[in-house]
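Follow the charged side chains through this model, then step back to the overall fold.

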Amino acid sequence: MADRDEANERQPQGEIEGDAGDVVAGKVAIRQGGARSIRAREVSIHQGGAGRVHADQVVVTQGGIVLARTGSAQVTAGAVGVVAATGEVELQASAAKLVLARDEVELEHSAAVAVATRRAEISDSAIGVLIAGRVDARNVRVMFGVKEAFAFGAAAGAALWLLTTWRRR
């Protein structure tokens with residue numbers, strides 16, 4: 001374990017202002033800039049963005065990420081396309097298309113198209129589809145739960161089947 005910590009300490013630390021391509025470093029901080037892809041232990045984005053991020057910890061403030069694979073993520077006043085985390089994901093005044101978390105998802109004043117997690121803690125937010133083992137919610141609008149999503153899928157499938165059958169005649 002000590003060898004791994006020493007190796008991580010030797011990795012370069014990067015701060016990016018402006019645009020960068022592919023970044024590999026121990027810690028990366030982006031301020032008013034962007035990167036195509038980032039691989040690091042810790043990533044901090046402030047008023048910037050990234051295409052792909054693979055990190056142990058991600059913190060975004062007024063920025064965005066298209067695809068994030070992380071241990072934990074915290075997004076404040078930002079946006080994420082897809083975030084897949086082994087730990088906790090926290091969205092505050094943010095938006096996400098797809099949130100997958102093995103541990104917990106916390107949404108506060110946020111919106112998400114789909115959330116799948118073991119435990120969800122949601123307040124003053126909107127979610128399209130929510131799949132969670134345990135939900136603690138206050139003032140939440142969920143468009144589809146599990147039953148509603150299956151019913152919608154079945155109805156959409158039947159409607160498409162009828163349309164294709166009708167067109168053939």
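Aspartate 136 is partly exposed, at 25% relative accessible area. Here buried means under 20% relative accessible area, exposed means over 50%, and partly exposed lies in between, with a 1.4 Å probe and protein chains only. The model is predicted: local features need pLDDT of at least 70, side-chain atom pairs count only at pLDDT 80 or more, and totals for chains, interfaces and linings use all residues. Residues are numbered from 1 along each chain as its sequence is written, and side-chain values use heavy atoms, with hydrogens and water left out.

The partner of aspartate 136 is arginine 134; their closest N and O atoms are 3.8 Å apart. That makes a salt bridge, defined as a side-chain nitrogen of Lys or Arg within 4 Å of a carboxyl oxygen of Asp or Glu. Arginine 134 is also partly exposed, with a relative accessible area of 47%.

This pair belongs to a wider set. Salt bridges link Glu104, Arg119, Glu121, Arg134 and Asp136 in a network. Within it, glutamate 104 bridges to arginine 119, with the closest N and O atoms 2.6 Å apart. Glutamate 104 sits in strand S7 (residues 95-108) and arginine 119 in strand S8, so the bridge ties together parts 15 residues apart in sequence. Buried or exposed: how does glutamate 104 count? Glutamate 104 is buried, at 11% relative accessibility. Arginine 119 is partly exposed, at 23%.

Another bridge joins arginine 138 and aspartate 124, whose closest N and O atoms are 3.8 Å apart. Aspartate 124 is partly exposed, at 23% relative accessibility. In total, the structure holds six salt bridges.

Now turn to a nonpolar feature. Ile131, Val146 and Phe150 make a nonpolar surface patch of about 310 Å². Patches take residues with over 30% relative accessible area and no salt bridge; like charges are joined within 9 Å, and nonpolar side chains (Val, Leu, Ile, Met, Phe, Trp, Tyr) within 5 Å. Isoleucine 131 lies in strand S8 (residues 111-144). Its relative accessible area is 45%, so isoleucine 131 is partly exposed.

Finally, the whole chain. The protein has two helices and eight strands, in the order α-β-β-β-β-β-β-β-β-α from the N terminus. Helices (H or I, at least four residues) and strands (E, at least two) are DSSP runs, numbered from the N terminus. Of the 169 residues, 35% count as buried. Contacts are heavy atoms within 4.5 Å. Among contacts between residues at least 6 apart in sequence, 1% join residues at least 24 apart.

Definitions and conventions
Accessible areas come from the Shrake-Rupley method with a 1.4 Å probe; for residues, only the protein chains shown count as cover.
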